[in-house]
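Thanks for coming. Please have a look at the sequence and the model before I start talking.

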Amino acid sequence: ETDEINELFKGIIPVYLLYLVPLILIMSPVGVTTASHEFPVYRMTQYDLHGIPKGCRASMINLEARSVKNWSSGRHCVVARLDHLTASTLLKIKETAGALLIVLPRSPQHLSPEEVKELTRVLSLLTTEELSLPIYLIGWSIEIEKILDELMGSATLSGGTVDEGPTARTSGMDALTAIFSKNGYQVVVSAPRPSPRHDAAITSIQGKLAGYGVEDKLPTILIVAHYDAQSIAPELAFGAESNASGVVMLLELVRLLSLLYSNSRTHGHVNIVFLLSGGGTLNYQGSKKWLEDQLESVDSTLLQDVQFVLCLDSVAQPNLHMHVSKPPRERSPLHNFYLELQNATGNSLEIIHKKINLADDILAWEHERYSIRRLPATTISSMKSHKELRKDGLFDVAERIDMKSFTKNIENVASALTRHIYNISRDPTTFSQQHLGVYEDQVKMWLEFLSSHPRSPSVIYEKTNPVIRVLHETLKRYLEDVKIVHHTADKRDPEFVFYDTTKANINIYNVKPAIFDLFLTIIISLYLAAFFIAVQKMHLLYGALVPSGIRKLKSQ
């Protein structure tokens, strides 16, 4: 009978194909990768502050990519443009999605102020708490744009829309056809699990200009600016306004005042201490640690007779404000400086008084660190309130700053400070003499340098960091007794903890969707079942296909 069956199929199809075809289909990878893309990505910030974990806690991803409108479970990685994310969408993603990949705008520097404000508000929703899902940011590219378009196309075919408004839904047959005809994407990030950086420290740089006379008996002015910046991702914390502008103003004051102090005829009778503090975005940890060291040290004389502490924060925009925790007394050094600065700005300077709330875990301004220690202190800033939403370092770029206004602000502060130091009567002239001028090109150069390097505390603490190295060398060129001070966290009860894995590579594979695997498995199973039944009932099939006369001849 077996010979008869073989004879039956000999002229139709080789019998081995009946066994070989299903085996090939079963053993071959159903979700064949037709293309793969690799991109650099930036992991969302992760740190602990005062024992409270903040930011993203995970790093690995191996999930199916879905658009912001057609994802449904923790098995999906949501891939979305930043401007497509809303507060309600982020809330849902944080609660149930498996991962989030945010595509950054193509040209952040060309966004309008309103767009920057809205996008910064959206990003701030992610950084205020601990998140269990991995979140990465990726720069715009043509390949990413194509992937987004395909994901959005799949969302439209499945009934989702990019916008919140209604749209015409596709037919059921079109959606069913799309399921089997369109490819999907698998997102893979094989980054190591984030671990604490035990060698992390907050670095501050100090230097001074000693006044003319007995140094220990002269009053002191302390000028402070924190050099770090904040962003949703440490590798994107560029921060031109906040606070590269404060650093540039401090460096220009260093240069100008050093020229005056280098001449015996203009050597002031005031010690001036300059401090570039770290950890400004971490509740001003650099100022806190430096201040503790100075006050607890027996040998330190820097803060014996402080006239006032001048903090510089976000000073590039027009209309400066003077923030204080306690209104300065009349005829006090701080009040005199206020009058000089008010005169230099054309009486446009506004003094803003805000009491320190010791119940708050986060201080509003850096000068509050010094006011708590009963030192007269103020912060000069373009921001009228600490509650104003600071631009994320991603959007805080040098191209957005009006260099003329910024240069004018530096001139005004330098003029007011020198008039106070030398007790010069006020007049409308500015600090812009030829050899003591503030030059716009030089200000722009410094601002572009600082805002071209990420300055998050978690990536800038290393001694070999170019920003730390250049700032240190610059202060050494003009000042005396320049030191780099490293403050490490307490191992038993750390006030801050940094984590590694700030960037990684992402692989996006073009694959068939999972439902296609299921459909193909069902087809193969039905084929094998039909073949098995056919073999079992072959005698019936043989009787139906072979004429009785041929059967009789073969039997004879």
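I will begin with the whole protein and then go through a few places in it.

This is a predicted model, in which local features need pLDDT of at least 70 and side-chain atom pairs count only at pLDDT 80 or more, while totals for chains, interfaces and linings use all residues. Residues are numbered from 1 along each chain as its sequence is written, and side-chain values use heavy atoms, with hydrogens and water left out.

The protein has 17 helices and 19 strands. Helices (H or I, at least four residues) and strands (E, at least two) are DSSP runs, numbered from the N terminus. Of the 556 residues, 50% are buried. Buried means under 20% relative accessible area, exposed means over 50%, and partly exposed is in between, with a 1.4 Å probe and protein chains only. Among contacts (heavy atoms within 4.5 Å) with a separation of 6 or more, 81% join residues 24 or more positions apart.

Now helix H3, residues 87-96. Which of its residues are buried? They are Thr89, Leu90, Ile93 and Lys94. Seen down the axis of H3, these buried residues fall within an arc of 130°, so they line one face of the helix. The arc is that of the directions from the helix axis to the C-beta atoms. Lys92 and Glu95 are exposed, on the face turned away from the buried side. The cover over the buried residues of H3 includes strands E5 (76-81), E6 (99-103) and E7 (130-131), and helix H4 (113-124).

Next, Glu495. Where does Glu495 lie? In the loop between strand E17 (480-488) and strand E18 (496-498). Is Glu495 buried or exposed? Glu495 is buried, because its relative accessible area is 19%. Its side chain makes a polar contact with the side chain of Lys289, at 3.1 Å. A polar contact is a pair of N or O atoms within 3.5 Å; within protein, one must be able to donate a hydrogen and the other to accept it, and residues adjacent in sequence count only if both atoms are side-chain atoms. Not counting residues up to four places away in sequence, Glu495 also touches others, including Asp48, His50 and Ala489.

Gln342, in helix H9 (residues 333-344), counts as buried too, at 19% relative accessibility. Leaving aside neighbours within four places in sequence, Gln342 is in contact with Asn347, Ser348 and Leu349.

Last, Ile523 in helix H15 (residues 514-536). Ile523 is partly exposed, because its relative accessible area is 39%.
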